[in-house]
There are 2 protein chains.
Amino acid sequence: MALALQAPQVPALLPVPSTVSWRDGRMPLDSTLTVAIVGHRDPRLERAVGRALRRLEARLVQPLPRAIGGEATAKLVVRVGNAGYAVPDLREDESYTLDVAGGRATLAATTVVGAIRGLETLLQLHEVRDGTHWLREATITDQPRFPWRGLLVDVGRHFHPPEVMRRILDGMASVKLNVLHWHLTEDQGFRVESRAFPKLHQLGSDGEFYTQDEIRALVAYAADRGIRVVPEFDMPGHTTAWFVGHPELASAPGPYAIERKWGVFKPTMDPTKESTWRLLDAFIGEMTTLFPDRSWHVGGDEVDPAQWNGSPTIQQWMAQRGLKDAHALQTAFNTRLFTLLAKHGRSPVGWDEILTPDLPREAVIQSWRGSNYLVDAAKQGRQAILSAPWYLDHIKTSGEMYLEDPLPAGHGLTPAQQALVLGGEACMWAEYVTAETVESRIFPRIGAIAERLWSPASVRDVPDLYRRLEVASRHMAEAGPTHEEHTARMVRRFASGEDAEFFTQLLDYARPRGFAGRGTNQLSPLTRVIDAARPDPWTEWRMVALAEAARSGDDEAGRMLMSQFGLMRAFPDMVRTMEGRHPLARDVIPVAGALGELGAIGEELLGHRMNGTSPSPARAAAIDSALTRLVGKTFGLLRPVGGEAVKRLR
Amino acid sequence: MALALQAPQVPALLPVPSTVSWRDGRMPLDSTLTVAIVGHRDPRLERAVGRALRRLEARLVQPLPRAIGGEATAKLVVRVGNAGYAVPDLREDESYTLDVAGGRATLAATTVVGAIRGLETLLQLHEVRDGTHWLREATITDQPRFPWRGLLVDVGRHFHPPEVMRRILDGMASVKLNVLHWHLTEDQGFRVESRAFPKLHQLGSDGEFYTQDEIRALVAYAADRGIRVVPEFDMPGHTTAWFVGHPELASAPGPYAIERKWGVFKPTMDPTKESTWRLLDAFIGEMTTLFPDRSWHVGGDEVDPAQWNGSPTIQQWMAQRGLKDAHALQTAFNTRLFTLLAKHGRSPVGWDEILTPDLPREAVIQSWRGSNYLVDAAKQGRQAILSAPWYLDHIKTSGEMYLEDPLPAGHGLTPAQQALVLGGEACMWAEYVTAETVESRIFPRIGAIAERLWSPASVRDVPDLYRRLEVASRHMAEAGPTHEEHTARMVRRFASGEDAEFFTQLLDYARPRGFAGRGTNQLSPLTRVIDAARPDPWTEWRMVALAEAARSGDDEAGRMLMSQFGLMRAFPDMVRTMEGRHPLARDVIPVAGALGELGAIGEELLGHRMNGTSPSPARAAAIDSALTRLVGKTFGLLRPVGGEAVKRLR
């Protein structure tokens with residue numbers, strides 16, 4: 001049963017635009033729609049308008065025009081000033097205005113990318129009412145709060161093939177994200193074809209790499225959606241896969257093999273050999289033909305000094321130059337690397353470890369160890385982006401991630417320093433995701449982060465976010481990502497019939513534990529119940545909404561909630577029938593127990609509310625103690641859902 | 001609610017092997033499995049064993065070995081005689097034996113392809129029982145009944161990108177199909193990159209074509225799965241898209257545009273110009289570098305003589321050569337085309353229209369206008385394959401298609417003539433499928449055809465087919481195809497909340513009408529309820545099984561069936577609440593009415609059965625008349641499901 005709450009009175013826009021004035025009218029949508037591009041016109045804009053019309057057409061199931069005219073009297077007019085940057089750029093003007101009034105829609109933007117952003121908003125104004133398709137009339141002015149709104153996708157640890165990357169880019173565009181940070185090399189894999197040094201991908205990738213044609217096509221696909229592609233070649237650490245084919249790059253003799261475990265490893269590039277620099281020079285030169293963005297991510301995180309400290313020649317080299325420790329050597333490495341990048345027309349981005357006084361002014365610091373590094377960087381006059389709270393593999397809820405802000409209250413930055421905070425990136429690290437599960441870990445939660453980075457800082461209402469995110473999730477899925485099929489698909493693999501029904505039902509009430517704790521490596525199958533679980537099932541916030549309604553005296557909400565608590569209470573019995581029958585019962589026994597307890601407490605508290613009674617003080621204390629033990633805690637590989645609603649009833 | 005019937009006592013094998021002897025034992029499966037290849041070993045075999053282990057590993061959620069040894073004492077031993085043909089070949093020996101006994105499994109085959117077939121059977125022996133994973137012990141000997149077991153995929157009318165083609169190939173391999181017949185050119189699209197004549201794909205494809213790299217990769221992907229790729233370049237008709245870039249090939253002056261409508265069109269190649277043959281010579285030469293199979297499909301169907309008859313120069317040319325009509329000219333065209341193919345080392349396959357006395361001996365006739373053309377061809381000493389009853393776009397049920405046979409009872413062929421009947425092909429024509437829906441129209445129904453072409457002719461039990469097909473559908477989905485997600489994904493696009501529940505529920509009881517009758521063209525969105533519908537919902541045969549059980553006195557089955565009839569009876573009321581609310585209600589109003597009537601009759605008849613009573617003669621006659629009007633009939637774009645079960649209760 002869908003616990004549909006009050007139908008929204010206005011279409012769900014996500015991210016929320018800067019200003020919206022709703023009108024009372026609606027513009028009917030059907031195959032008589034006429035479409036025009038006036039002002040600047042180019043193939044990228046035509047493709048973007050065409051894609052939007054195809055999506056709208058699929059909803060209307062009526063053919064819309066293929067011909068896009070130039071008449072300002074068309075029902076849908078797209079008016080653009082200029083092409084914007086030839087390559088998507090940090091400085092792009094992404095603003096637009098959208099005016100739907102009197103049965104006509106006008107989208108106006110300075111640049112093509114602005115129009116691309118506005119087309120997504122236009123698609124969100126579509127609604128079905130009274131048996132008809134409409135665009136809700138409104139006047140919208142919009143521009144992003146931050147210019148860097150990104151997603152890191154780690155393809156080093158697990159490879160995601162081009163079609164998955166295309167779907168990710170489509171989903172990103174649907175929530176107006178504009179940077180794909182492509183983490184292409186890791187200890188566990190080197191994922192780019194190098195024609196200059198083919199042993200890099202041939203020996204470092206298990207055959208799972210992008211050809212240069214595929215990279216060019218993906219970069220073009222991203223550019224068509226106004227998305228920059230920032231490649232990351234993490235160094236000098238996280239480089240084992242480079243050394244399988246080129247052991248001479250390492251600071252200790254080989255041979256090397258692709259790393260299968262997760263963690264921080266010793267293999268590190270040797271910055272003291274000229275041969276290292278000759279290879280990097282040629283390699284960077286080759287890669288700049290594939291990646292046109294000015295930004296180049298150098299990584300720079302988690303350098304284990306063991307190889308440097310253990311090498312007499314490196315120690316001698318350091319001593320000759322007065323470098324007193326590994327940290328100083330990494331700074332020297334970076335300094336030379338940045339010079340090389342400058343030679344190739346690239347400016348560095350790096351993890352917060354690279355922040356040193358002699359960093360180039362145009363560098364960008366990516367804060368991953370904590371938000372304070374972001375503020376520190378800005379205070380030192382450096383550009384910075386936030387990632388620390390947005391590691392998608394930590395499996396926090398959308399609501400939790402939503403309230404994080406690159407400019408948190410009390411940041412103490414001057415306006416000039418604030419301008420150095422460019423935005424942020426969600427990070428999809430791939431220890432525990434495969435090509436099969438990665439979309440489910442990114443979408444729809446990234447919608448919350450996309451809104452934080454685009455919308456005014458004052459937009460912070462979590463229940464309202466969830467109401468809109470459920471609609472936006474379907475829009476993301478329409479654009480490409482398969483996150484809404486993922487649970488059913490995976491459950492179908494490991495169970496059928498009644499067993500499948502049990503797991504499906506339970507996965508509305510359980511979500512994955514966070515990063516780590518699984519004891520798996522790169523070769524482990526990631527096909528357990530935790531992998532089929534959704535990071536943030538809608539059940540949680542729907543139950544919270546029901547609990548709030550029940551507290552306000554809504555008896556129907558109370559009854560619906562009571563039946564959910566009843567189901568939760570039944571899980572322990574249900575799982576007992578699975579034991580001895582299904583091997584994956586072991587994955588859900590602990591969380592089923594927790595759900596049973598939560599369901600019983602929920603029934604008890606809701607019963608009191610509905611009867612106007614209260615638990616005794618002793619019982620109340622016992623309940624509080626149980627809730628502390630249960631809510632948000634991990635049971636095996638899963639965490640129970642529904643506890644937040646129970647807490648609202650205390 | 002899943003209406004799970006009796007759990008199968010033995011694993012569901014599909015296609016049924018030639019001989020199976022079940023043992024009582026089971027071989028436990030876990031990460032201690034050791035795997036060896038003994039005898040012939042090559043990379044294709046290693047990749048196939050690796051793929052099977054990865055699929056098994058995903059089910060077990062335990063890592064299985066990456067190292068494949070050579071010890072005959074391993075728990076799973078694959079013993080192969082030789083590599084077989086370098087390019088998958090009609091003459092390939094696909095036989096294998098599989099012996100699972102005493103906790104060890106041995107797969108033996110003459111060729112690598114035989115082992116590939118046996119690995120699919122091995123994966124079907126996996127079962128979950130008593131909380132553990134097992135391989136059921138058995139001795140199996142197996143080989144195909146027919147050597148040509150194919151699927152035609154039309155990418156001319158709608159384009160299916162490479163990732164969809166890969167999933168189709170994976171699904172084909174899982175049911176031991178061995179020919180992809182790739183229908184690459186049509187009036188509506190020319191889908192192959194030609195470097196020799198780039199205007200062909202540049203102007204004839206709307207930008208939707210396969211690059212030569214993509215074709216090479218897909219042909220290699222197919223070969224890895226023991227699947228031949230037979231390209232079809234349909235000519236001299238169905239060629240409008242060629243003429244957009246090369247109007248000089250046509251029999252009437254251009255210009256030409258990509259055809260958007262469906263049907264048979266006038267543009268036809270001009271066989272009287274030497275320039276036509278120079279282009280075809282060079283083009284075929286170029287394509288043979290991409291498609292190594294000896295077979296080359298020339299099409300040859302549905303030639304409209306209008307352009308030939310209307311051209312004075314062509315008429316004069318014909319008169320000079322004594323060709324009395326268009327049919328004679330097509331024969332002359334084919335004769336010269338076959339000579340050209342022979343020069344390039346290719347032998348022709350063609351639609352049954354090409355059957356003429358001077359056809360080369362090695363030619364293969366594909367019967368599409370009726371099974372009689374197949375028998376005729378064999379009687380004339382020609383090789384032939386059956387397609388007439390297996391047009392997947394006609395949306396027949398698996399059970400209907402299953403009982404068709406290339407060698408039907410009473411065929412009257414001599415043993416030598418029978419040997420000319422090579423097998424058959426299912427045909428996935430693409431007027432009414434898109435990349436989004438094509439997998440749902442192919443899978444799982446193609447399993448029934450795959451079994452007809454592989455298994456002994458005596459295997460013809462329809463209820464048993466359905467029991468196994470439901471399991472096999474999950475195996476196909478595991479291998480790649482997304483057919484099991486398709487309905488949910490499409491419903492989610494056009495409906496949410498209670499509306500989505502309504503459509504989802506209804507689509508368990510409704511299936512698409514067959515080919516045609518939609519009035520759409522190439523540019524129409526195919527995103528209506530009919531497109532979200534499954535061609536053969538499990539509901540139909542499950543209800544039939546329940547009806548049979550109820551007739552035999554199974555009261556529990558009767559109660560389950562009664563509740564399904566009750567749901568059917570409620571559909572008209574349910575759809576009435578949708579009218580005026582959802583635009584797609586119009587798609588389901590007619591079928592909801594039919595379902596309501598069927599449900600009411602079902603309740604009445606089942607009530608009589610359970611009470612030991614009968615309808616009056618007058619009422620019985622009225623019911624019979626209603627069933628004639630309702631069962632298997634089309635209501636709008638949909639057909640009701642459940643009627644077969646009602647009929648069993650008469």
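This is a predicted model: local features need pLDDT of at least 70, side-chain atom pairs count only at pLDDT 80 or more; totals for chains, interfaces and linings use all residues.
## Symmetry of the pair

Chain B is superposed on chain A by a rotation of 180° with 0.0 Å of shift along the axis, and the RMSD is 0.0 Å. This is the relation of a two-fold axis. Within chain B, the C-alpha nearest that axis belongs to B:E485, at 3.1 Å from it.

The contact surfaces follow the same pattern. Of the interface residues of chain B, 100% are also interface residues in chain A, so the copies meet through the same surface.

## Extent of the interface

Each chain contributes to the contact: 44 residues come from chain B and 44 residues from chain A. The size of an interface is often given as the accessible area lost when the parts come together. Here, chain B and chain A bury about 3600 Å² between them, with 52% of it on carbon and sulfur atoms. On the side of chain B, the residues that lose the most area to chain A are B:V61, B:R489 and B:R492, which together account for 17% of what that side buries.

## Polar and charged contacts

Between chain B and chain A, eight salt bridges are counted. One of them joins A:R492 to B:E485, with the closest N and O atoms 2.9 Å apart. B:E485 is also the residue whose C-alpha is nearest the axis in chain B.

## Elements and composition of the chain B side

Several helices and strands of chain B each supply at least two residues to the side that touches chain A. The helices are α1 (43–60), α3 (162–174), α16 (462–479), α17 (486–494) and α18 (497–506), and the strands are β6 (126–129) and β7 (132–142). The largest share, four residues, comes from α17(B).

By class, the side of chain B that touches chain A holds 19 charged, 14 nonpolar and 11 polar residues.

## The setting of B:G607

B:G607 is part of helix α22 of chain B, which spans residues 585–611. Is this residue buried or exposed? B:G607 has a relative accessible area of 16%, and it is classed as buried because that class covers values under 20%.

B:G607 and B:M562 are 45 residues apart along the chain, and their C-alpha atoms are separated by 8.4 Å.

Conventions
Residues are numbered from 1 along each chain as its sequence is written. Chains are lettered from A and ligands numbered from 1 in the order in which they are written. Side-chain values use heavy atoms; hydrogens and water are left out. Copies are superposed by least squares on the C-alpha atoms of residues with pLDDT of at least 70 in both. Contact means heavy atoms within 4.5 Å. Buried area is the accessible area (1.4 Å probe) that two parts lose on being put together, summed over both. A salt bridge is a side-chain nitrogen of Lys or Arg within 4 Å of a carboxyl oxygen of Asp or Glu. Ala, Val, Leu, Ile, Met, Phe, Trp, Tyr, Cys and Pro count as nonpolar, Asp, Glu, Lys and Arg as charged, and the others, Gly among them, as polar. Buried means under 20% relative accessible area, exposed over 50%, partly exposed in between (1.4 Å probe, protein chains only).
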